[in-house]
Amino acid sequence: MRVPAHSVCTAIRDDIVSGVFERGSRLTEEVLARRYGVSRVPVREALRTLESEGFVVTRRHAGACVAEPSEQEAADLLEVRMLLEPLSAARAAQRRTEAHLKVLRGLVRLGQERARRDEGEDLRSLAGWFHETLAQASGSPGLIALLTQLRHKIAWMYAVDQPARPAEAWAEHGALVDAVARRDAERARTLAAQLAERHGAVHRLRRAARATTVPRAGHVRTSQRAVNTASGRN
């Protein structure tokens, strides 16, 4: 069975974001195909997609390598997200479904519980799910795709600290959901902008050491794994 290129793309992107493949390291088709248990064809297609997304660059005499974004490029990503997330929230207020509201309210309840218990790692995951669901509620495929790509790249470039007052942050998430439920687009836009500014303040730029070659078997941070062949998003 031919493995879809988008599944290979997701696997390589995840390994780049998690630091398995360090910035500047070479990504050879042969090694990647062996790592994920696929042929070189979907690997080649995946690398082209990742290059269009900015995770991979092609260098003369070196071939495909993990990109090395500058500090300014990283800062620009946070700025773009601060512009897009309020737009997404306003669209969500106009287009959300009851199913979206149910998920968003459930995430807020969980976030408030975890904040009381000071469970920081869970809070980071819940915040990610919250903003992904809010983007989905916007009903705009192009906007969803942009925000998804931004989320991947920001996770690659930044570490995220725990907010100083997590309970207050999740109260703001709850207020945003209330505005979305009332279909108050302008209020949702304003609250999302405040949340984006708060969230941006707890990001720390990652300092990654440059590598020159793709990790060999036994030198990667995670074990060799087969690609998930189930259909899904990039």
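Mentor: Glu 85 counts as buried, at 13% relative accessibility. Buried means under 20% relative accessible area, exposed over 50%, and partly exposed in between (1.4 Å probe, protein chains only). This is a predicted model: local features need pLDDT of at least 70, side-chain atom pairs count only at pLDDT 80 or more, and totals for chains, interfaces and linings use all residues. Residues are numbered from 1 along each chain as its sequence is written, and side-chain values use heavy atoms, with hydrogens and water left out.

Trainee: Which residue forms a salt bridge with Glu 85?

Mentor: A salt bridge needs a side-chain nitrogen of Lys or Arg within 4 Å of a carboxyl oxygen of Asp or Glu. The closest N and O atoms are 4.0 Å apart, and the partner is Arg 81.

Trainee: How many residues apart are Glu 53 and Arg 13?

Mentor: Their side chains meet in a salt bridge, N to O at 3.0 Å. Glu 53 is in helix α3 and Arg 13 in helix α1, so the pair links distant parts of the chain, 40 residues apart.

Trainee: Is Arg 44 buried or partly exposed?

Mentor: Arg 44 forms a salt bridge with Glu 29 (3.1 Å, N to O). Arg 44 sits in helix α3 and Glu 29 in helix α2, 15 residues apart. Glu 29 is buried at 19% relative accessibility. Because its value is 35%, Arg 44 counts as partly exposed.

Trainee: Which backbone oxygen does the side chain of Thr 133 reach?

Mentor: Thr 133 lies in helix α6 and is buried at 15% relative accessibility. Beyond neighbours within four places in sequence, Thr 133 is in contact (heavy atoms within 4.5 Å) with His 100, Val 103, Leu 104 and Leu 107. At 2.8 Å, its side chain reaches the backbone oxygen of Trp 129.

Methods:
Helices (H or I, at least four residues) and strands (E, at least two) are DSSP runs, numbered from the N terminus. A polar contact is a pair of N or O atoms within 3.5 Å; within protein, one must be able to donate a hydrogen and the other to accept it, and residues adjacent in sequence count only if both atoms are side-chain atoms.
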